[in-house]
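Please read each point with the sequence and the model open beside it.

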Amino acid sequence: MSAASGERESPVVDELLGRSNRLGSDPTITNYAGGNTSAKGTAVDPASGDDVELVWVKGSGGDLGTLRASGLAVLRLDRVRALERVYRGVEHEDEMVAAFDYCLHGTGGAAPSIDTAMHALVDAPHVDHLHPDAGIAIAASADGEALTQRIYGDRVVWVPWRRPGFQLGLDIREIQRANPQAIGCILGGHGITAWGDSSAECEERSLWIVRTAEAYIAEHGRPEPFGPIVPGFEPLPVDARRARAAELAAQLRGIASTDRPVVGHFSDHEDVLDFLARAEHRRLAALGSSCPDHFLRTKVAPMVLDLPGDAPIDDVRARIAALHEAYRAQYAAYYEAHADADSPPMRGADPAIVLVPGVGMFSYGKDAQTARVAGEFAINAIHAMRGAEALSTYRPIPDAEKFRIEYWALEEAKLARMPRPRSHAGRVALVTGAASGIGKAIATRLVAEGASVVIADLDLEKAQAAAAELGSHDVAIGVRCDVTDAAQVQAAVDATLLAFGGLDLVVNNAGLSLARSLLETTEADWDLQHDVMSKGSFLVSKAAARVLIDQGIGGDVVYISSKNSVFAGPNNIAYSATKADQAHQVRLLAAELGEHGVRVNGINPDGVVRGSGIFSSGWGANRARTYGVKEEDLGAFYAQRTILKQEVLPEHVADAVAVLTGPELRLTTGLHVPVDAGVAAAFLR
């Protein structure tokens with residue numbers, strides 16, 4: 001038994017987790033990290049051996065769909081309910097969250113959320129609080145109270161908007177007591193709450209409330225709640241809209257990062273495209289979301305481009321710049337209108353959601369997952385708007401109430417508790433030749449430092465497999481790219497923009513070698529190696545530079561060159577010459593791109609045998625013959641000829657990339673870093 005929760009002795013916890021995971025798996029029922037569930041039961045207090053009544057409730061910031069026992073807050077039910085005696089009223093709501101610490105059972109599990117009081121005070125063993133699209137549609141309708149009575153009769157009761165907290169828990173408890181026939185309620189502007197005597201009954205009632213609202217909207221709602229299609233604002237064909245999205249991504253990521261760097265996500269979901277094609281989209285978008293869980297991630301309203309999807313690109317770029325300036329001014333005015341002396345500082349005035357008619361939606365956040373989830377919440381908001389407009393008029397909670405949630409002292413405290421970001425958090429990297437060897441080690445290290453990474457390789461299957469090893473699509477994706485083909489290079493860059501909204505860091509790692517003497521080296525050998533490494537690096541750097549310049553937030557380009565770029569060895573004319581070409585590209589581009597805040601640096605490895613794609617493709621055998629050693633001893637041979645007498649591994653090159661592109665060397669450009677364990681003949685002079 002866990003001393004914190006007694007969870008191993010209570011089947012109630014297993015039932016609660018199963019119910020939570022099922023409800024959380026459907027984004028129309030509740031969105032990522034939204035809503036909360038609870039169960040009450042009895043466990044043994046390890047300190048006394050007595051039975052004690054507990055309430056298990058999803059902890060602050062947890063996600064229902066992936067909830068585990070460790071994500072539950074566990075509290076003494078009698079102590080939570082006793083807080084009513086010390087509650088000083090709505091003006092002192094924030095005190096109550098701190099008071100939960102004195103109600104914990106043992107170590108208490110996860111941090112209690114603001115909704116804990118609702119779950120403890122409602123007199124039912126099982127409680128669900130959810131944010132379903134259809135439920136919010138009713139909750140955010142101008143005549144939501146009348147709709148609630150019309151749809152549900154006396155089984156579901158209307159609760160006027162109130163900010164989540166202790167008072168809301170008291171309100172719902174009193175409604176439950178006054179309406180013993182009720183199974184739940186619609187929370188104005190917010191969502192739904194349901195309760196039951198068993199976990200199964202509670203889940204059944206939650207689903208009934210949601211499905212009944214969905215059915216009523218489908219049967220009684222107007223067929224075109226967003227109005228008619230506006231000519232010219234229809235969705236572009238899929239290839240055209242994705243091409244336009246890639247064209248705009250760098251500029252949009254740059255404006256969204258004016259106050260602080262963010263990662264982006266692009267979606268051309270059919271519901272977004274339909275919304276943007278309709279006459280009412282600007283009016284409704286300006287009203288913003290209603291559910292607190294939504295606008296905490298999406299801001300109070302999106303930025304909306306007011307041009308057709310196929311408008312001339314120069315006109316679109318100019319209009320985006322003007323709209324961004326206006327958006328920042330409007331957000332600052334919103335902050336000034338509602339802030340008081342105790343409000344936290346403004347967190348930034350840039351949009352978290354940008355809507356482009358005919359093209360789709362760009363969403364932004366501190367990392368790729370946060371950006372994607374923000375977009376999902378924006379789609380949930382569109383669904384809620386559609387339902388509300390189908391039956392009535394969409395009316396979200398007032399801006400003053402949105403501000404109270406967005407700049408809640410408790411939310412600020414939650415942000416302050418978050419761990420310090422890793423060195424590459426919020427950065428997007430493209431690494432070529434990254435399905436194996438040095439490239440894969442670099443991608444792995446950058447992910448470990450918080451970056452989102454695109455693994456580009458000739459072999460798509462291997463690139464995707466390498467990406468999957470690193471994590472979800474929020475962490476890494478794999479794309480096919482022949483770096484000798486400008487079209488494929490641009491496609492890889494575009495895929496990066498559509499996946500993560502931008503690009504910060506490029507590693508030119510793709511390479512090969514055919515180790516031959518001058519007389520044995522054919523013209524085809526020469527051309528192939530120069531195409532892959534000299535031309536390939538040029539093409540990748542050129543495509544990336546366009547993005548880095550358009551973003552306007554700096555960036556890094558790294559060349560994986562070689563000790564051979566400065567050291568003359570035998571039987572290696574083509575490879576060494578192209579590595580020297582790469583080394584000079586570093587110097588040339590450092591001088592050219594510096595005015596845009598882009599750093600360009602190189603790394604000169606040597607003797608990377610283990611894990612190296614080049615060595616495993618025949619280069620190792622050739623080098624072993626050249627030096628008169630066995631191929632399996634080549635790594636040790638290289639190590640013994642170094643000053644440090646140590647073998648160089650792919651991870652050592654990855655370390656150098658991480659340091660060169662991290663914050664410690666932010667004023668370093670045009671540098672070549674040897675990673676060779678010390679080869680005196682290759683010392684840079």
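1. The side chains of Arg162 and Asp171 come together in a salt bridge, with 2.5 Å from N to O; the term stands for a side-chain nitrogen of Lys or Arg within 4 Å of a carboxyl oxygen of Asp or Glu. Arg162 itself is partly exposed, at 31% relative accessibility, where buried means under 20% relative accessible area, exposed means over 50%, and partly exposed lies in between (1.4 Å probe, protein chains only).

2. Before going further, please note that this is a predicted model, in which local features need pLDDT of at least 70 and side-chain atom pairs count only at pLDDT 80 or more, while totals for chains, interfaces and linings use all residues. Residues are numbered from 1 along each chain as its sequence is written, and side-chain values use heavy atoms, with hydrogens and water left out.

3. Under the rule given above, the count of salt bridges comes to 37. One of them joins Arg173 to Glu84, with the closest N and O atoms 2.9 Å apart, and this pair links distant parts of the chain, since Arg173 sits in helix α7 (residues 166–178) and Glu84 in the loop between α2 (77–82) and α3 (94–99), 89 residues apart. Helices (H or I, at least four residues) and strands (E, at least two) are DSSP runs, numbered from the N terminus. Arg173 is buried, with a relative accessible area of 9%, whereas Glu84 is partly exposed at 35%. A network of salt bridges links Glu84, Arg173, Glu174 and Arg177.

4. Another salt bridge is formed by Glu95 and Arg88, whose closest N and O atoms are 2.3 Å apart. Here Glu95 is partly exposed, with a relative accessible area of 35%, while Arg88 is exposed, with a relative accessible area of 51%.

5. Val90 is partly exposed, at 33% relative accessibility. Val90 and Leu323 are 233 residues apart in sequence, and their C-alpha atoms are 38 Å apart in space.

6. Phe266, found in strand β9 (residues 263–267), is buried, with a relative accessible area of 6%. Although Phe266 and Leu498 are 232 residues apart along the chain, their C-alpha atoms are separated by 5.4 Å. Leaving aside neighbours within four places in sequence, the residues in contact with Phe266 are Arg242, Ala245, Val359, Gly360, Met361, Phe362 and Leu498.

7. In helix α24 (residues 650–660), the buried residues are Pro650, Val653, Ala654, Ala656, Val657, Ala658 and Leu660. These buried residues of α24 pack against helix α17 (437–448) and against the strands β16 (505–508), β17 (555–560), β18 (598–605) and β19 (672–675).

8. Two backbone angles deserve a second look. Most residues other than glycine have a negative phi. Lys299, however, has a positive phi of about 65° although it is not a glycine; Lys299 is found in the loop between α12 (292–298) and β10 (303–304) and counts as buried at 15% relative accessibility. Phi of Lys645 is likewise positive, near 60°, and Lys645 lies in the loop between α23 (634–640) and α24, where Lys645 is partly exposed, with a relative accessible area of 44%.

9. For the whole protein, the secondary structure comes to 24 helices and 19 strands. The radius of gyration is 29 Å, close to the 26 Å that the globule rule gives for 685 residues, so the protein is as compact as a globular protein of that length; the radius is taken over C-alpha atoms, and the rule is 2.2 Å times the number of residues to the power 0.38. Buried residues make up 57% of the 685 residues, and among contacts between residues at least 6 apart in sequence, 74% join residues at least 24 apart.

How values were computed: Contact = heavy atoms within 4.5 Å.
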